[in-house]
Amino acid sequence: MGKKKVFPRADLSVPGVEHTRDPAGRLSIPPNRLPPATTVVSFPATGNATTRRRFDFSGWYGAGIDDITYACQRQIERFLATHDGDRSVATVVAYCAIGLRAFLDYLLVRRLASARPLTLGDIDRELIDGFLGFLDGGGASVGARRSRYGHVKPVLLALGQRGLIPVIAHGDGATFPENPFPHSHRQAKGERPLTWAQRRAFAAAVKAAVLPLMAEGAEPTGELLTCALLLVALHTGRNLTPLLKLDTDCLRAHPRGDRVFLVCHKRRGNTASKVPLRDERATGPLAPAPPSVAYSQTN
């Protein structure tokens, strides 16, 4: 007895790109399908960490790039329906808001320059190189250009895997360049530290701002307490995170009567450290000296 052939059931609810091919194999979208009845893609709230709930493709229809706009819209709808590649809703939102918005804007410019409608067959290495040049001419940082390109490439790759656009994977004529942003990680520069004179001026300004707190009957406002925390951080060399979590009983008695412990809790580690305040001779007098404070940090 022969085996029964089982045909997989097609899910007709998954969005697809309705198209035809001529005898030469060129793909085209039927004109009566453009634009589609709905040009707005709605994003579900479940699994969507962003505040965006919709993306409207209508602004790119009727401008000579309808075939590409239609295919991109259907691919986004397919991502949402199938989670192809385990993509989250937030990732698909980024494809639209970051990647496709810039890519479709570039296609509008290229369509005007070529004076003819653009189709899916026009997506090749030359067009991708032009898109990279378009991103470079907008004055955006390397990180922003890299993000926009990185959020449109997965959409085009998905269209290529379904045979809707020609994709060359390797060689000099590869559709997508191997490394379009070389050494981009070396171009990011952090903030330069303050100079010695700037640090001295900052310390003097904080001390002057906290002086009213030392007066008899001073009201501890939020601004004064913030300056006090900065002052303690300057004296102890500690970051502000433990200081912002100080308990109401953070000052503890010290064996020596002329000083107290300042107890801060850290978020990691199994040991406690006790660091005295810096010498006033190094930082300058502050005010009528309160009792000296030693610094203790516990779990």
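**Entry 1: two helices.** I began with helix 1 and helix 4, which are roughly perpendicular to each other (the word covers angles of 65 to 115 degrees). Helices here are DSSP runs of H or I with at least four residues, numbered from the N terminus. I looked up the angle, about 95 degrees, and found the axes 10 Å apart. Axes are lines fitted to C-alpha atoms over the stretch in contact, and angles run from 0 to 180 degrees between N-to-C directions.

Which residues make the contact? I noted A71, C72, Q75, I76 and F79 of helix 1, with P154, V155, A158 and L159 of helix 4. Contact means heavy atoms within 4.5 Å.

**A note on the model.** This is a predicted model, where local features need pLDDT of at least 70 and side-chain atom pairs count only at pLDDT 80 or more, while totals for chains, interfaces and linings use all residues. Residues are numbered from 1 along each chain as its sequence is written, and side-chain values use heavy atoms, with hydrogens and water left out.

**Entry 2: the core.** Next I looked at the largest nonpolar core, which has 47 residues. Such a core is a set of buried (under 20% relative accessible area, 1.4 Å probe, protein chains only) Ala, Val, Leu, Ile, Met, Phe, Trp, Tyr and Cys residues joined through side-chain atoms within 4.5 Å. F43, F57, I76, F103 and L107 touch the most other members. Helix 2 gives the largest share, 11 residues.

I then followed F57: beyond its neighbours within four places in sequence, F57 is in contact with residues including T39, V41, I76 and L100.

Key: Buried means under 20% relative accessible area, exposed over 50%, partly exposed in between (1.4 Å probe, protein chains only). Angles under 35 degrees count as roughly parallel, over 145 as roughly antiparallel, 65 to 115 as roughly perpendicular and the rest as oblique.
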